[in-house]
Amino acid sequence: MQDLSLHILDIVENSIDAGAKKIEIIIKENIRQNLLVLKIKDNGKGMDKNTIAKVLDPFYTTKKTRRVGLGLSMLAQAAKEAEGDFNIKSKKGKGTTVTAKFVHDHIDRKPIGNMAETIIVLIAGKGMKVDFIYEHHKNSKNFVFDTKIIKNELNDVPINNAEVLNILRKNIIKELKRIGTMI
Amino acid sequence: MKKLKIGDLEKIREKVRRTANLRQGKARAKITVHMGTCGIAAGAREILSALLKEIEKKKLNDVIVTTSGCAGLCSREPMATVEIKDKPPVKYVDLTAEKIKKILNVHIIKGNIINDYALAIGSERTH
Ligand SMILES: Nc1ncnc2c1ncn2[C@@H]1O[C@H](COP(=O)(O)OP(=O)(O)OP(=O)(O)O)[C@@H](O)[C@H]1O
Ligand SMILES: [Mg+2]
């Protein structure tokens, strides 16, 4: 994976596969602490202790189509390379939270990448069935994007309509520029 | 915490309402982009973005875009499946933004399968 926005898309796909109806994506950039934290939190089916222990093995997957599972171990590796930290908390029947930490200015820290595109693609694919919340904090600035609120405002117009997605994309880019995380 | 304010939302809501086919089941075609780890690593996100932009440009309100997990054919990603009402699904492999745009214009709009990009029948195998 080239950048963190692609890792995030991939980790969120796990949440979707786990039947989550609400998925939170939280990015916190703190330059003073030189820290970047990603958190993906879902209310999907969760994992038992046994599964959590196995999940970081790049050969472990519960998928039927393939014998290797790569997503989580790839993100864990990316965090390790940037002298960070990786953690999974999960409760069977309740949900899962994946957290990855990175040294912000580490030379091997992957760039954040295009978060606007990741969010738009998620909404296009599953926005009618799943609520996505995207929070991005940079130092003292932040913004929150909540598809539940947007769906309410849109009323009977589907959030995955191409024209709607185009407007949403522009807005996310504008907000990311405002908080100083996208040029 | 600052909530995203989207001033244009109301305008777009009225506009889409006037033009779109809002009732369910009216879609003529469905495109499913495979979003497993291999797909994403191979560029599936860009395929979907290109598709959305082209759909918006052409104002195709009867085409649904969706995503699915890994299709088990990692070496041929990015992949997408095209389903046209009452026709068997067609799997396209090794996609690029240009190819998916062409698929939209030739297969979805004009109804002609692009055999050069399609997965040959019988070659479908996992792993
Ligand atoms: N959010 C989640 N909720 C429940 N189970 C999960 C979640 N994320 C991962 N898992 C479990 O962990 C396994 C490994 O996940 P991982 O993303 O590493 O690989 P994969 O999804 O199986 O395959 P790949 O990501 O390579 O397409 C999954 O098969 C699934 O059983
Ligand atoms: Mg995965």
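This is a predicted model: local features need pLDDT of at least 70, side-chain atom pairs count only at pLDDT 80 or more; totals for chains, interfaces and linings use all residues.
**The interface between chain A and chain B**

- Chain B contributes 40 residues to the contact, and chain A contributes 47 residues.
- About 4,000 Å² of area is buried between chain B and chain A, and carbon and sulfur atoms give 62% of that area.
- Zero salt bridges are counted between chain B and chain A.
- Eight residue pairs are in polar contact across the interface of chain B and chain A, with both residues of each pair at pLDDT 80 or more.
- On the side of chain B that touches chain A, two or more residues come from each of helix H1 (9–19), helix H2 (37–42), helix H3 (44–58) and strand E2 (63–68) of chain B.
- H3(B) supplies the largest share of that side, with seven residues.
- Sorted by class, the side of chain B that touches chain A holds 19 nonpolar, 10 polar and 11 charged residues.

**Helix H3 of chain B**

- H3(B) consists of 15 residues and spans 21 Å from its first C-alpha to its last, which is close to the 21 Å expected at 1.5 Å a residue.
- H3(B) is mostly covered, as 11 of its 15 residues are buried.
- Just after H3(B), Lys59(B) adopts a positive phi of about 55°.

**Helix H3 of chain A**

- Helix H3 of chain A comprises residues 71–81, and its buried residues include Gly71(A), Leu72(A), Ser73(A), Leu75(A), Ala76(A), Ala78(A) and Ala79(A).
- The cover over the buried residues of H3(A) includes, from chain A, helix H1 (4–17), strand E2 (35–42), helix H2 (49–55), strand E3 (85–91) and strand E4 (95–103).
- H2 of chain B is also included in the cover over the buried residues of H3(A).
- Just after H3(A), Glu83(A) has a positive phi of about 50°.

**Salt bridges**

- Over all chains, the whole structure contains 10 salt bridges.
- Lys138(A) and Glu29(A) form one of them, at 3.8 Å from N to O.
- This pair links distant parts of the chain, with Lys138(A) in strand E5 (residues 131–138) and Glu29(A) in strand E1 (residues 22–30) of chain A, 109 residues apart.
- Lys138(A) is buried because its relative accessible area of 16% falls under the 20% cut-off.
- Glu29(A) is likewise buried, at a relative accessible area of 4%.
- Arg178(A) and Glu175(A) form a salt bridge in which the closest N and O atoms are 2.8 Å apart.
- Arg178(A) and Glu175(A) are three residues apart in helix H6 (residues 162–178) of chain A, so about one helical turn separates them.
- In general, residues three or four places apart in an α-helix point the same way because the helix has 3.6 residues a turn.
- Arg178(A) is partly exposed at 31% relative accessible area, whereas Glu175(A) is buried at 5%.
- In chain B, the side chains of Asp94(B) and Arg76(B) meet in a salt bridge at 2.9 Å from N to O.
- Asp94(B) lies in the loop between strand E4 (90–92) and helix H4 (97–109) of chain B, and Arg76(B) lies in the loop between E2 and strand E3 (80–84), so the pair ties together parts 18 residues apart in sequence.
- Asp94(B) is partly exposed at 29% relative accessibility, and Arg76(B) is partly exposed at 30%.

**Backbone features**

- Most residues other than glycine have a negative phi, and most peptide bonds are trans.
- Asn139(A) has a positive phi, near 50°, and is found in the loop between E5 and strand E6 (141–146) of chain A.
- Asn139(A) is partly exposed, at a relative accessible area of 45%.
- Asp86(B), which is not a glycine, has a positive phi of about 70° and is found in the loop between E3 and E4 of chain B.
- Asp86(B) is exposed, at a relative accessible area of 75%.

Key:
Residues are numbered from 1 along each chain as its sequence is written. Chains are lettered from A and ligands numbered from 1 in the order in which they are written. Side-chain values use heavy atoms; hydrogens and water are left out. Contact means heavy atoms within 4.5 Å. Buried area is the accessible area (1.4 Å probe) that two parts lose on being put together, summed over both. A salt bridge is a side-chain nitrogen of Lys or Arg within 4 Å of a carboxyl oxygen of Asp or Glu. A polar contact is a pair of N or O atoms within 3.5 Å; within protein, one must be able to donate a hydrogen and the other to accept it, and residues adjacent in sequence count only if both atoms are side-chain atoms. Helices (H or I, at least four residues) and strands (E, at least two) are DSSP runs, numbered from the N terminus. Ala, Val, Leu, Ile, Met, Phe, Trp, Tyr, Cys and Pro count as nonpolar, Asp, Glu, Lys and Arg as charged, and the others, Gly among them, as polar. The expected span of a helix is 1.5 Å times one less than its number of residues. Buried means under 20% relative accessible area, exposed over 50%, partly exposed in between (1.4 Å probe, protein chains only).
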